[in-house]
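Reader: Can you walk me through this one? I'd like the layout, then the sheet, then the core.

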Amino acid sequence: KEQVPTERDSRKKVCRTLAAFANGRGGHLLFGVDDDGRIVGVSTDGASQSYKDTVTRWITDLIVPHLEFALDMVDTEDGRWVLHVEVQEGTSPPYGVDPANPSYYIRRGATTFPASADDVRTIARARPLTPGPLVGRDGFF
C-alpha cells in the first residue's frame, strides 16, 4: 500500500486483509510501497511512535477478536519510511472486521475475499481450542 489510510472505509479495507492473514497462515503488509514495489515512503511528520500508536489503535478497534501483530517503522537507505505490519497466524479464529457486526475474510493468492459460511466453519475447526478460563478439559464450555 502506498499510504496509510486516513478514512474509516479505507482502514476497514486494510483490516479485512489483516484479518484474512490471521485466518490463514499470517502475512506482511507494507505501507509506503507502490504496486510496482517501489519505495515511496510514508510521512511520519517526525513522530513515528505517535504514528504507530494511531495505526495500532484503529487495527485493535476494528478487528475482533484481537489478533497478534507487530508494527515497525523501517528507515530506508534514502531516508524514506516504510511501515511494516506483520500478522501471525491467529490462535482464536475466525477473525473479523467490525466488532458490532463482524464480517470474516480469507486470502486466496494475493487477494482478500469475504469468507463463506463454510469457510468460517473450516477456519474455526482448523485450530483446536486450548483449555483456558472458559474452556473445559474436553474443549467445551
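Author: Here is a short tour, starting with the overall layout. Keep in mind that this is a predicted model.

Reader: How many helices and strands in the protein?

Author: Three helices and seven strands. Along the sequence, the pattern reads α-β-α-β-β-β-β-β-β-α.

Reader: And what share of the residues is buried?

Author: 35% of the 141 residues count as buried. The accessible surface is about 8,800 Å², with 49% of that surface belonging to carbon and sulfur atoms.

Reader: Contacts with a separation of 6 or more: what share comes from residues 24 or more positions apart?

Author: 63% of them.

Reader: On to the sheet. What is the strand order?

Author: S1-S4-S3, an open sheet of three strands with antiparallel pairing. S1 and S3 are the edge strands, and each has a single partner, so one side of each lacks a neighbour in the sheet. From one strand to the next, the twist averages 20°.

Reader: Give me the pairings. How many bridges join S1 to S4?

Author: Five, between S4 and S1, residues 27-31. In that pair, leucine 30 stands opposite histidine 84.

Reader: How many bridges for S3 and S4?

Author: Seven, again antiparallel, with S3 covering residues 69-75. Valine 74 has valine 82 as its bridge partner, and aspartate 75 faces tryptophan 81.

Reader: What about the hairpin there: how many residues between the strands?

Author: Five, and glycine 79 takes a positive phi near 85° in that hairpin.

Reader: Is S4 mostly covered or mostly open?

Author: Mostly covered. S4 spans residues 81-87, and five of its seven residues are buried.

Reader: Now the core. Which residues have the most contacts inside the largest nonpolar one?

Author: Leu18, Ile63, Leu83 and Val85, in a core of 26 residues. The elements giving two or more residues to this core are H1 (8-23), S1, H2 (48-62), S3 and S4. H1 gives the largest share, seven residues.

Reader: Zoom in on leucine 18. What does leucine 18 touch?

Author: Leaving out residues up to four places away in sequence, leucine 18 touches Leu29, Ile59, Ile63, Leu67, Val85 and Val87. Two of the names from the core list, Ile63 and Val85, turn up again there.

Conventions:
Residues numbered from 1 in each chain as written. Predicted model: local features only at pLDDT ≥ 70, side-chain atom pairs only at ≥ 80, totals over all residues. Heavy atoms only, no water. Helix = DSSP H or I, 4+ residues; strand = E, 2+ residues; numbered from the N terminus. Buried < 20%, exposed > 50% of the residue type's maximum accessible area, 1.4 Å probe, protein only. Contact = heavy atoms within 4.5 Å. Areas by Shrake-Rupley, 256 points an atom, 1.4 Å probe, with all protein chains shown as cover. Pairing = 2+ DSSP bridges. Core = buried A, V, L, I, M, F, W, Y, C linked by side-chain atoms within 4.5 Å. Axes fitted to C-alpha atoms, helices over the stretch in contact; angles between N-to-C directions.
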